[in-house]
Amino acid sequence: MKSYWGKNFSRRSVLQRGGQIAAAAGIAGLSSQVSRFTPEARAEILAKAKAYQDRPVTITAIQPVSPTATSDDYGIAFQEVYNRFMDAYPEIGVEFAYSPWEEYTQALSVAIGGGNAPDVATWIDDQRIPSLAANGFLRSVDDLAAADGMDLGEIDPIALSSNTFAGLAYGLPYYWDDRIFYHNTDHFAEAGITAPPTTWEEAVAMGEELDVKDGDTYSRIGYIPLSPSGGPGAGGNSYLFLYGWQNGGSFVSDDLTTVTVNDPAIVEALAWCVEVSDMYGGAEEQANFIANAARGTNPFLTGSVSMMTQPTGFGVGSVNGSESPVNWAVSASPYNTTPATWSGVLSAALPVGSAHPEESWELAKFMASPEIQTYFAETLSWIPTRRALWDAIPAFATDPELIVGLEEFSNTNIRPPLPNSQELWDEILRASDAALYHQASPQEALDRANEIIQAGLDEYLKNS
Amino acid sequence: MLTALMPRTNRGRETMMALVFASPWFVGMAVLVVGPFFMALYYSFTDYRIMGDTQWIGLANYRELLEDDRFIKSLKNTAYFTALSIPLSLIASLAVALLVSKPFRGSTLVRTTIYLPSLFGGVFVAALASQVFSGNYGLANRLLAYVHIQGPQWLASPEWSKPTFVILGLWGVGAGMVLFLAALQSVPVHLIEAAIVDGANSLQRFWNVTLPMISPAILFQTILLLIASFQVFTLTYVLTSGGPADSTLFTVYYIYQLSFQKFDMGYASAASWVLLLFTFATTALVLLIGSRYVHYEFDGAN
């Protein structure tokens, strides 16, 4: 296995592994603590991979997961996908390259800029693709799809739009999720609550009923919408994007030229998040609560928080796999004025400078094919970006978590695919933190963020 | 053919051989240090984003830095860290060196034990710190709770995150201890004996004899710590990503963000050069001030 950035496990990955790979990308439902692969199945996949050698053309596929890490289901699933690809394309070999998620963008940009580009980046999220495309690191797939007669219309247009920059698609999305609302059913029964909240107001009120105090400190918190960035928080995988949309806000104009993160509806949403955070002693006290009650892990897993927003798959993948799984159920996210959730999207993209663009395109296409999306759905409970496949997957009709998740796609949003998409994400987090820590009012924090993101966007628009 | 190139004198041949054996260092220095050094200077005057054309934009990056709130904040954070960590590290390493300078039973083991942590990298320190300074669950606050003190939120608090980093910096006092141990061994015994004869107590002997005699080592260690402090990166990269609320956004980490999240290499190069100039200016200032107080015994200079 080729290792970009020189080592298989980064410095940061010593501390942050597993689900946090995807959490950083806003697709945190990918964490998995119970392996879906037996040791025998893993060994068989790895042995098979070794047998594909001396192909006329070998392409390198880079991703932040590893097939040899025994706790990593995604890595071994990807290896199986490459095995199937090599079965289907006897002339092409696929070399598995690993880069830790925290250094993925860095490794990719340096490799591409240094003329040592991997052939396919098989794991890029929607937050990074526009930024990488705008900076010239990725090539568009439109011409390849057209030449191949591939109908991109088979892929959900919202998922595809997350990869579309300046009218061109820069990746083939093969997986997406959306955020839904998880609650601890034992806590609900204990408090006599029979149905999950449907509005913000109900969520906060129910949260207060579910709180448990030990003296002056909380040993259990019912609900907190937003936590400071940078660690497991009581707010789960929500971020201001969710609440901005649920309050009818818009982060950017429809033509993607004017940044509106200080939209009054978004300012109001942040003010509400701060208000609820302050009810529980503020951001620092939350950090203390996480450290104490949840031992530094996701507090829903330890029964320390009763309600939490997380991406689809969190229940089966993380809660059921935790040391003492709690009983849970799911519902649509409570909202204020507008029913809304948001999606993270994973795609296969083609770096500029690949020595084998045609073979690389075949692999990207294969990743997004019905066969592989079905395999991911059946093996990892991943939701295909080809909606036509949903009806054919038995679990999608019976798994309550997936049923809610699939229904919620009708209310989903994606982060705006701005050329400075990374800056958009960073500044939203920074503004949220500044407000939560009371270093600035929500209005001041979002005004500042708006100014910075708009300046970055203007620079790209001026040069394009 | 090769023999024709060899110098005819022994001295010439020795010089030639020395250069041949040293050549890997020269090549490495040129390719990995000097080259990037001047390339970064050139790029600091350009709009360089890895891919695409590089455009000369003169001083635009430097002008932008003057108005960049985050860059200024990162410099302030770095200065805060430097101002606090250097005196504390110096005092701690000197104190430890004084404690173990006299041989006693097991002194070698004690010295080795104190020095050992400085061999571990920043990542190890960070991993440990995440446990020690983790709210009330962490070791630090548990110990404080024994004496009925409610500890702060350390890394989760914008007010406490930088002081926590300073405390973590003390992890490496062992390296300073070794330097001061060597310096203490070189303090002439006759000066100490003369001071004793003159009736000086131990504090007076330390202040008037030992401290002046080891002042060159103190200055040297100060400069080493100064340069290292300006380059603080690993702890913030591993532990806080610059948070909470930019309170641990140090300049090198900001340069990293500019380079690999915004791909703005030209601007990042300008920021690097400003940091270099800050480091250079501060080091020069320390040398200037230090030269007034440092005592060099053998050349007669003060």
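## Helix pair in chain A

Axes here are lines fitted to C-alpha atoms, for helices over the stretch in contact, and angles between N-to-C directions run from 0 to 180 degrees. In this predicted model, helix α12 (residues 264-279) of chain A and helix α20 (residues 442-463) of chain A have axes that come within 9 Å and cross at roughly 130 degrees. The two helices, α12(A) and α20(A), are therefore oblique to each other. The crossing in which α12(A) passes α20(A) is right-handed.

On the α12(A) side, the contact is made by A:Ile266, A:Val267, A:Leu270, A:Ala271 and A:Val274, and on the α20(A) side by A:Pro442, A:Gln443 and A:Leu446. By class, this contact of α12(A) with α20(A) comprises seven nonpolar residues, one polar residue and no charged residues.

## Helix pair in chain B

In chain B, the axes of helix α11 (residues 202-230) and helix α14 (residues 265-293) come within 10 Å and cross at roughly 165 degrees. Because angles over 145 degrees count as roughly antiparallel, α11(B) and α14(B) are described as roughly antiparallel to each other. The crossing of α11(B) past α14(B) is right-handed.

From α11(B), the residues making the contact are B:Ser215, B:Leu219, B:Thr222, B:Ile223, B:Leu226, B:Ile227 and B:Phe230. From α14(B), they are B:Leu275, B:Phe278, B:Thr279, B:Thr282, B:Thr283, B:Val286, B:Gly290 and B:Tyr293. The residues of the contact of α11(B) with α14(B) divide into nine nonpolar, six polar and no charged.

## Nonpolar cores

The largest nonpolar core contains 167 residues, and A:Ala364 and A:Met367 have the most contacts inside it. Helix α4 (residues 73-88) of chain A gives the most to this core, contributing eight residues. Leaving aside residues up to four places away in sequence, A:Met367 touches A:Val81, A:Thr122, A:Leu172, A:Tyr174, A:Ala348 and A:Ile372.

Another core, of 12 residues, lies apart from the largest one; among its members are B:Val96, B:Val100, B:Ala183 and B:Ile218.

## Interface between the chains

Across the interface, 28 residues of chain B are in contact with 29 residues of chain A. Helices α6 (122-132) and α12 (234-240) of chain B each supply at least two residues of the side of chain B that touches chain A. By class, that side of chain B has 13 nonpolar, 12 polar and three charged residues.

How values were computed. Residues numbered from 1 in each chain as written. Chains lettered and ligands numbered in written order. Predicted model: local features only at pLDDT ≥ 70, side-chain atom pairs only at ≥ 80, totals over all residues. Helix = DSSP H or I, 4+ residues; strand = E, 2+ residues; numbered from the N terminus. Parallel < 35°, antiparallel > 145°, perpendicular 65-115°, else oblique. Left-handed = near helix turned anticlockwise from the far one by under 90°. Contact = placed C-beta atoms within 7 Å. Nonpolar A, V, L, I, M, F, W, Y, C, P; charged D, E, K, R; others polar. Core = buried A, V, L, I, M, F, W, Y, C linked by C-beta atoms within 7 Å. Buried ≥ 20, exposed ≤ 12 C-beta atoms within 10 Å, placed from the backbone.
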